[in-house]
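What did I look up, and in what order? The entries follow.

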Amino acid sequence: MKLALVIIFATTLAYATDPPITQDELVRRTQELYDAVAPGNQEPWKKYFADDCIFSDEKGRTMDKAKLMADISPMPAGYSGAIKIANVQSRIIGDTAILSYDLNETETIFGQNLTARYHVTDTWLRRNGDWQIIASQAHRYYEDPAIGKADEKKFPDYVGTYELAPGQIRTVTAEGDKLFVERKGMKEQLFPETSDLLFRKGIEGRILFHYGPKGGVDALIDRRNNEDVVWKKTK
């Protein structure tokens, strides 16, 4: 009986004195994960993700470990890339560690270079002395589209007052080669993605102008997440 108590005490003491994981070690392991993405190496992902993990990616997909492993495969021929960790923050309390960081992705597709930025928060959990990710959540940073060329000949069609509901109005004005939308004293420039598709800097969504059956613009469409809020033109 005494021997059993000694073994239990020694095991408990070993866990109690086991130093918590460090931010540097979490970063090292996490970078190992992302270095394995391009070649499609599943081994670090199998090692560092718990069997009962929840993984939610920037596309809005939520996966268990089996689906996550199935999603990791080598980049196709003609593709290459790298993902690097930046702007790390952590909170390590007892057997739980939170790692929050940015990912800077570079990708080359048949000689053409692309970049993207993401933010990820991982929750690491220590069980039986082993640290693994139990949950991971990612989102992609919004970036404005490239500015295209405006069709200034259409500006007179766009200019006017648009109403969403009584007392809720927007006005569109043109100043030279620039187009503006104003609501409640806030004036914002509309930039062209294409001649008929416009956006406001730093704001996700698009502005379109709808032409009615008589040929003139009869509405401003505020498109958000592929859903439209329609402002009817009053004058």
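I looked up burial: 32% of the 235 residues in the protein are buried (under 20% relative accessible area; exposed is over 50%, partly exposed in between; 1.4 Å probe, protein chains only). The model is predicted, so I note that local features need pLDDT of at least 70, side-chain atom pairs count only at pLDDT 80 or more, and totals for chains, interfaces and linings use all residues. Residues are numbered from 1 along each chain as its sequence is written, and side-chain values use heavy atoms, with hydrogens and water left out.

I checked the dimensions next. Along the principal axes, the C-alpha atoms fill a box of roughly 95 × 45 × 30 Å.

I then turned to the cores (sets of buried Ala, Val, Leu, Ile, Met, Phe, Trp, Tyr and Cys residues joined through side-chain atoms within 4.5 Å). The largest nonpolar core holds 27 residues, and Leu33, Tyr34, Trp45, Phe49, Tyr101, Leu103 and Trp124 touch the most other members. Apart from this core lies another, of 13 residues, including Val172, Leu190, Val217 and Leu220.

I listed the partners of Leu33. Leaving aside residues up to four places away in sequence, Leu33 touches Pro44, Trp45, Tyr48, Phe49 and Ile133 (contact: heavy atoms within 4.5 Å).
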